[in-house]
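Colleague: I have a sequence and a model on my screen. Can we go through how the helices pack and what lines the ligand?

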Amino acid sequence: MTAAAPAPVDHTRLLEQLADVLGPAGVLTAADDIDPFCTDWRNLYHGRALAVLRPADTDALSAAVRLCVAHGVPMVPQGGNTSMVGGATPDDSGREIVICMSRMNHIRGIDPHEMTMEVEAGVPLKVAQDAARDAGMMLPLSISSEGSAQMGGVLATNAGGNNTVRYGNARELVLGLEAVLPDGEVFHGLRRLRKDNTGYALRQLFVGSEGTLGFITRAIIQLQPAPKEVEVALCAVGDAQGALALFSAFRALDPALIQAFEYMSGTGMALVNELIPGAALPLEQPAPAYVLVELATPRPDANLREFMEGVLADAMENGIVTDAVMAESEGQRTNLWKLREEHAEAQKRAGASVKNDVSVPVSRVPELIARATRACEELIPGIRPAPFGHLGDGNIHFNLVQPTDMSGDAFLARAHDIMDTVADIVRDLDGSFSAEHGVGQLKPYMMAEWRGGAELATMRRIKAALDPRNLMNPGKIFPPATSAPASA
Ligand code: MLT
Ligand code: ZN
């Protein structure tokens with residue numbers, strides 16, 4: 001791939017032309033308006049942008065892309081700006097234009113027979129979930145940032161989250177897709193077919209491409225029947241081995257009932273209790289680790305509660321679970337989930353943290369947690385490992401919070417040592433260095449080592465075929481020819 005040649009850009013002319021096709025509300029240029037789009041949620045990256053565009057529909061976006069391409073201006077797609085890896089933040093050159101999808105925010109239809117939803121890119125995930133629920137169905141994708149994250153970004157990053165254990169990642173939910181390609185042409189793939197064996201599944205190219213191959217503008221999403229019975233329990237366990245044993249106990253009896261199976265460390269839970277108003281542990285004693293398990297079924301007569309009580313009683317008798325509480329109402333379910341969902345926010349409030357969004361085969365999660373905890377504690381005495389996440393699909397957020405006696409900057413200066421330490425163990429366990437957050441601009445330096453050879457070369461060839469001038473979200477996913485760690 002060749003880097004975009006720094007073409008001389010007539011900014012004034014380009015911005016006038018963009019205002020012509022997008023209208024005045026569609027082009028932001030004032031510094032105060034642009035700034036929020038130039039910083040990521042984690043506050044790791046502070047870029048600059050020539051402008052922020054807000055197209056209202058696919059045709060307007062296509063016209064704007066053609067203009068940017070004609071002027072050789074790089075484009076950065078942005079949805080809810082919730083990336084954990086700086087995937088939607090411009091660089092600091094001031095040459096890039098951010099294209100925000102939030103005005104394309106219509107749900108175009110819900111089909112109860114096909115159980116599908118047609119959705120535009122800027123619809124927040126939570127709004128899409130609520131619309132599915134109002135129609136008597138469920139959109140089975142749930143992530144901590146669902147209030148802000150938008151469908152286009154959710155798909156472009158192939159988001160995972162809490163329900164992957166049962167329904168797969170975003171990729172598995174997409175039947176059809178519309179996208180604007182890097183040259184402005186529209187890819188019309190909005191089909192709603194369960195079977196369509198007509199060559200390459202091109203829609204899947206855009207899912208997980210992190211905006212490097214174009215803009216996802218619309219999608220057909222497969223919905224599921226709404227659950228009629230839901231049970232949620234919070235369980236205290238001795239360690240991750242106990243958590244895995246509990247997962248296996250549920251799975252052996254009925255894997256199809258497990259809607260979420262989440263692990264939390266004692267350290268992470270203590271931070272949530274301390275730093276998140278209204279979050280209180282409903283167990284008598286704090287424990288070394290916790291599991292939040294959600295079972296659900298669309299059958300109204302499944303006696304789910306009895307089933308869950310039976311499994312938990314056995315687990316307590318066997319010493320796997322030391323204490324447990326089952327939600328008695330929807331309000332209590334929400335409160336139990338709050339203890340899990342607020343982990344990222346609590347860690348943010350606790351100071352600087354280093355995130356390792358890793359996955360290993362499920363059976364190796366306990367070894368990952370034990371080894372990485374030991375190794376990080378040896379590396380930086382006083383470091384606070386607070387691993388949590390989606391144990392049911394092998395994706396653990398091996399996050400580490402700064403020691404209380406170290407400055408945040410000094411801690412972040414060691415970020416790459418910490419990430420490398422965890423990565424060595426993950427590699428040894430046949431895992432992945434990025435399970436669900438993607439690569440963004442934080443982790444391209446890891447690509448050469450982890451996805452090198454034919455894999456990265458093939459990705460580069462696809463990228464060069466669709467975006468020969470590297471104008472789509474440059475600096476994301478792909479390491480430069482010589483790759484040194486980015487400073488983060
Ligand atoms: C989550 O599952 O809550 C996240 O992916 C957040 C994180 O890694 O901090
Ligand atoms: Zn997660």
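**Helix packing and the ligand shell**

Modeller: Start with one crossing: helix α9 passes α11 in a right-handed sense. Keep in mind that this is a predicted model.

Colleague: Are α9 and α11 parallel, antiparallel, perpendicular or oblique to each other?

Modeller: Helix α11 covers residues 304–317, and its axis lies 10 Å from that of α9. The angle between the two is about 140°. Angles over 145 degrees count as roughly antiparallel. The pair therefore falls in the remaining class, oblique.

Colleague: How many charged residues are in the contact of α9 with α11?

Modeller: From α9 come L246, A249, F250 and L253. They meet V311, D314 and A315 in α11. By class, that contact has six nonpolar residues, no polar ones, and a charged count of one.

Colleague: Now α9 and α14. Which way do they run relative to each other, parallel or antiparallel?

Modeller: Helix α9 spans residues 240–253 and α14 spans residues 365–379. Their axes are 8 Å apart, at an angle of about 170°. That angle makes α9, relative to α14, roughly antiparallel.

Colleague: Is the crossing of α9 and α14 left-handed or right-handed?

Modeller: The residues that meet are A240, Q241 and L244 in α9 with V365, P366 and I369 in α14. Five of the contact residues are nonpolar, one is polar and none is charged. The handedness of the crossing of α9 and α14 is right-handed.

Colleague: How many nonpolar residues does the contact of α1 with α3 have?

Modeller: In α1, the contact uses L14, Q17, L18, V21 and L22. In α3, the partners are A60, A63, A64 and L67. Charged residues are absent and one residue is polar, while the nonpolar count is eight.

Colleague: What does UniProt list for residues 45–226?

Modeller: Over residues 45–226 the chain is 23% helix and 24% strand. The end C-alpha atoms of that stretch are 39 Å apart. The UniProt entry is unreviewed, and its label for the stretch is "domain: FAD-binding PCMH-type".

Colleague: How many polar residues are in the shell around ligand 1?

Modeller: The residues surrounding ligand 1 are M84, S144, H343, A344, K355, D357, G389, H397 and N399. Two of the shell residues are nonpolar and two are charged. The polar count is five.

Definitions and conventions: Residues numbered from 1 in each chain as written. Chains lettered and ligands numbered in written order. Predicted model: local features only at pLDDT ≥ 70, side-chain atom pairs only at ≥ 80, totals over all residues. Axes fitted to C-alpha atoms, helices over the stretch in contact; angles between N-to-C directions. Helix = DSSP H or I, 4+ residues; strand = E, 2+ residues; numbered from the N terminus. Parallel < 35°, antiparallel > 145°, perpendicular 65-115°, else oblique. Left-handed = near helix turned anticlockwise from the far one by under 90°. Contact = placed C-beta atoms within 7 Å. Nonpolar A, V, L, I, M, F, W, Y, C, P; charged D, E, K, R; others polar. UniProt positions renumbered as here; feature names shortened; annotations may be inferred. Near = placed C-beta within 6 Å.
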